[in-house]
Protein chains: 2
Amino acid sequence: MKGKLFGIGTGPGDPKLLTLRGKELLETADVIAYPVRKVGEEGTALEIVRGAVDLSGKEIVELLFKMDPDDEVRKKCRAESIDRLCTILDSGKNVAMVTLGDVGVYSTYMYLDRTIRARGYETEVVPGISAFSYGSALASVPLMIGTESLAVVSAAKQNYGEVEKALDDFDNVVVMKAYQSMGVITEMMQKRGIPAGNAVVISNLGMPDQYIGPMEAGKEYGYFTTLIIKKKGI
Amino acid sequence: MKGKLFGIGTGPGDPKLLTLRGKELLETADVIAYPVRKVGEEGTALEIVRGAVDLSGKEIVELLFKMDPDDEVRKKCRAESIDRLCTILDSGKNVAMVTLGDVGVYSTYMYLDRTIRARGYETEVVPGISAFSYGSALASVPLMIGTESLAVVSAAKQNYGEVEKALDDFDNVVVMKAYQSMGVITEMMQKRGIPAGNAVVISNLGMPDQYIGPMEAGKEYGYFTTLIIKKKGI
């Protein structure tokens, strides 16, 4: 009897934002797998889960996903992780793989899930709270109301064309990984007559330098910075 | 000493998708408030919560939000709910108001939160799993990967201009309340050379007629129908 694979979104940082289903599956799984960018690193998703679930006695498996610009390196990491997970599943053990935030939002787990299902294993995805959903809650600012639209774009690769289209056409825009791009985005907003006060910055949640508040000219923000821009005002 | 107001996202239907924080607050709150569209209706959010939390002995308060096309009627409902909540908070009781899905996504709670905070009460928003996040998980289809973008639009008022812009400019498009618009959206996709197989329909989750699968020509879908369209394929 083969084991089953669970992909579990841990939420964005606060262990209490784990779902009841996520907690239950982590408690009953034989093996907990977690992604790291470097060997030996304590993964963020695993750290979150430790705040909500007693993992003692469980087999913990580190899966390496290098953040390499080379596609082939990343594919090789995925292939190795897939093989490793399948070997564990073949032994009849259930595996819960944790992933930061929501599984559907920029998560590596989905690549694995598809291949592993295609190989005939059973899998289940358990959604988690995304960083932008948490940011909206902490700032008490809705992502959208009524019949408004929402665009979620990433500024990670300075793909500003999409940010501009989003600002042109959408009532509400979430810019993820905005930390290096705050100046550029401020200019884009000015050009479109969107006041700086229509944006909320959500930065490094749960870290000592956590910041939730208005955009401040010249301020430096942390790596995990999300921007919620509301064209109709906050 | 005034009570505190909590706005709690219950998730989209499965009580196990409630967060640990949501459960804890519902267990400790003196009063549970829930929104209805008609007097005496069992609210969906309240039903979900009953599956995860023992509410016996708690004061349960129904708040009426008519889905009236007249703005003034809706505003009056909100004003009455705000006054009612403030009266309870004045008596020193904590109130947890439940709301379907995620609080930041099309929820009435956010209107109340702002006004009640402005009146000097303490509030806290607890995010929940949105319908599109759950749909992505159930279908094992990512909302976005890498540095892709996501547009979330509502077809509730047949505002198809936004759906078209989203399909033109975004890698991934979630169309909420798509049930009456499946034909129109299919045509939009065809016009843009997006194969019907690039869409997943997520309809009436948790109900007897739940459907998760490809778009089928001529099929009728339920009221709670969300579409995930992935231009680069599924």
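Figure 1. Across the interface of chain A and chain B, 26 residue pairs are in polar contact, both partners at pLDDT 80 or more. A polar contact here is a pair of N or O atoms within 3.5 Å; within protein, one must be able to donate a hydrogen and the other to accept it, and residues adjacent in sequence count only if both atoms are side-chain atoms. On the chain A side, α1 (20-28), α4 (109-118), β5 (123-126), α5 (131-138), β6 (150-154) and α6 (160-169) each put in at least two of the residues that touch chain B. Helices (H or I, at least four residues) and strands (E, at least two) are DSSP runs, numbered from the N terminus. Sorted by class, that side of chain A has 29 nonpolar, 12 polar and 14 charged residues. For this sorting, Ala, Val, Leu, Ile, Met, Phe, Trp, Tyr, Cys and Pro count as nonpolar, Asp, Glu, Lys and Arg as charged, and the others, Gly among them, as polar.

This is a predicted model: local features need pLDDT of at least 70, side-chain atom pairs count only at pLDDT 80 or more, and totals for chains, interfaces and linings use all residues. Residues are numbered from 1 along each chain as its sequence is written, chains are lettered from A and ligands numbered from 1 in the order in which they are written, and side-chain values use heavy atoms, with hydrogens and water left out.

The contact (heavy atoms within 4.5 Å) takes 55 residues from chain A and 55 from chain B. Between the two chains about 4500 Å² is buried, with carbon and sulfur atoms giving 61% of that; buried area is the accessible area (1.4 Å probe) that two parts lose on being put together, summed over both. There are also four salt bridges between chain A and chain B, a salt bridge being a side-chain nitrogen of Lys or Arg within 4 Å of a carboxyl oxygen of Asp or Glu. Lys165(A) and Asp169(B) meet in a salt bridge, at 3.8 Å from N to O.

**Figure 2. β6 of chain A meets β6 of chain B.** β6(A) and β6(B) pair up antiparallel over three bridges; strands count as paired if DSSP finds at least two bridges between them. Ala151(A) has Ala151(B) as its bridge partner.

Figure 3. Six of the eight residues of α5(A) are buried. Buried means under 20% relative accessible area, exposed over 50%, and partly exposed in between (1.4 Å probe, protein chains only). The buried ones are Phe132(A), Ser133(A), Tyr134(A), Gly135(A), Ser136(A) and Ala137(A). They pack against β6, β7 (172-176), β8 (199-203) and β10 (225-230) of chain A, and also against α4 and β5 (123-126) of chain B. After the helix comes Ser140(A), with a positive phi near 50°.

Figure 4. Glu124(A) forms a salt bridge with Arg21(A), the closest N and O atoms being 3.1 Å apart. Glu124(A) sits in strand β5 and Arg21(A) in helix α1 of chain A, so the pair ties together parts 103 residues apart in sequence. In chain B, Arg21(B) and Glu24(B) meet in a salt bridge at 2.7 Å, N to O. These two are three residues apart in helix α1, about one helical turn. Arg21(B) is buried at 19% relative accessibility, while Glu24(B) is partly exposed at 27%.

**Figure 5. A salt bridge across distant parts of chain B.** Lys232(B) and Glu148(B) meet in a salt bridge at 3.8 Å, N to O. Lys232(B) lies in the segment after β10 (225-230) and Glu148(B) in the loop between α5 (131-138) and β6, 84 residues apart. Lys232(B) is exposed at 62% relative accessible area, whereas Glu148(B) is buried at 10%.

**Figure 6. Thr99(B) and its contacts.** Thr99(B) is in strand β4 of chain B and is buried, with a relative accessible area of 6%. Its side chain makes a polar contact of 3.4 Å with that of Ser107(B). Leaving aside neighbours within four places in sequence, Thr99(B) is in contact with Ile8(B), Gly9(B), Thr10(B), Ala45(B), Ser107(B) and Tyr109(B).

**Figure 7. Positive phi in two loops of chain B.** Tyr106(B) isn't a glycine, yet has a positive phi of about 55°; this residue is in the loop between β4 (95-99) and α4 (109-118). Gln158(B), in the loop between β6 (150-154) and α6 (160-169), has a positive phi near 50°.
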